[in-house]
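Hi,

Here is the structure I promised you.

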Amino acid sequence: MRKNIAAGNWKMNLTIEEGNKLASEIVNMVKDEANTETQVILIPPFTHLTSVKSLIGSSKNIFLGAQNCHTAVSGAYTGETSLAMLESVGTTHVVVGHSERREYFGEDNALLADKVKVILEKGLTPIYCCGEKLETREADAHFDLIKAQIVEGLFDLSAEDIQKVVIAYEPVWAIGTGVTASADQAQEMHAFIRGLITEQYSLEVSAEISILYGGSVKPGNAQEIFSKEDVDGGLVGGASLQSRDFTDIIKAF
Ligand code: PGA
């Protein structure tokens, strides 16, 4: 079901002490918020999942996410983490295909499609990332590239399953650079993505999917970006590492 979502991707940052401090500050601030319609997802490194989960406790609108997973159920995959393990510590969401995974770890659409499938089979929610690099946008090839990422990553799913996916549009040129896509650029691409889903499935299906924007979301720009019709929230990196900034972003809805 389509929801407003503020997801904080901590990436490879913070020690356990720092992570616990951040999570407890966020949990306390969010608890005091009247607006519980917004889903908040904390996405710490694997080592912090258990302790962040215990800080989240029984909160109804704060969820635990993982930054990656392996497709196999278990076995000889040194250094990897299975969905059963993630589920066993209370993870409900898993990021798939972040541009850093695509760029530095060679993850392609075919592998990511497999990850999305196994996450859904496990009953968890994939947050499927797509986004173009600057040179792609400058070559005016960004719509084609996003189309390929969406079609190859998601369109093997049934109409029922794709509605359970959260999509994050994150233009690579805006990630960690301080350069944000304008609210209109975000809206344009989000409407394009929703249109692809409408064409392939139906209007009912595309209307159910939350599409998040990511790339230098900050307290100062969140409200304008989130106010756009097809933007259902944000996948936030840098600003999610500061409790005040992240909670201000949550309040931007
Ligand atoms: P940023 O990262 O907010 O630091 O730009 C966003 C992301 O990579 O998810």
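How far does a backbone N or O atom of Gly 176 lie from an oxygen atom of the ligand? The distance comes out at 2.6 Å. Bear in mind that this is a predicted model, so please read that number, and those below, as computed from it.

While we're at the ligand: Ser 216 also has a backbone N or O atom by a ligand oxygen, at 2.7 Å, and a polar backbone atom of Gly 238 sits 2.8 Å from an oxygen of the ligand. On its own the ligand has 290 Å² of accessible area, and the protein covers 96% of that. The shell around the ligand is made up of 13 residues, with Lys 11, His 98, Glu 170, Gly 176 and Ser 216 the closest. By type, the shell splits into seven polar, four nonpolar and two charged residues.

Now the fold. Eight strands make a closed barrel, in the order S1-S2-S3-S4-S5-S6-S7-S8, and the pairing is parallel. On average, neighbouring strands of this sheet are turned by 25° against each other, ignoring direction.

Helix H7 (residues 142-154) touches strands S5 (125-130) and S6 (166-169), and its direction makes about 155° with that of S5. Helix H9 (residues 183-200) touches S5, S6 and S7, and the angle between its direction and that of S7 is about 145°.

Cheers

Terms used:
Residues numbered from 1 in each chain as written. Predicted model: local features only at pLDDT ≥ 70, side-chain atom pairs only at ≥ 80, totals over all residues. Heavy atoms only, no water. Pairing = 2+ DSSP bridges. Helix = DSSP H or I, 4+ residues; strand = E, 2+ residues; numbered from the N terminus. Axes fitted to C-alpha atoms, helices over the stretch in contact; angles between N-to-C directions. Contact = heavy atoms within 4.5 Å. Near = heavy atom within 4 Å. Polar contact = N/O pair within 3.5 Å; in protein donor to acceptor, adjacent residues only side chain to side chain. Areas by Shrake-Rupley, 256 points an atom, 1.4 Å probe, with all protein chains shown as cover. Nonpolar A, V, L, I, M, F, W, Y, C, P; charged D, E, K, R; others polar.
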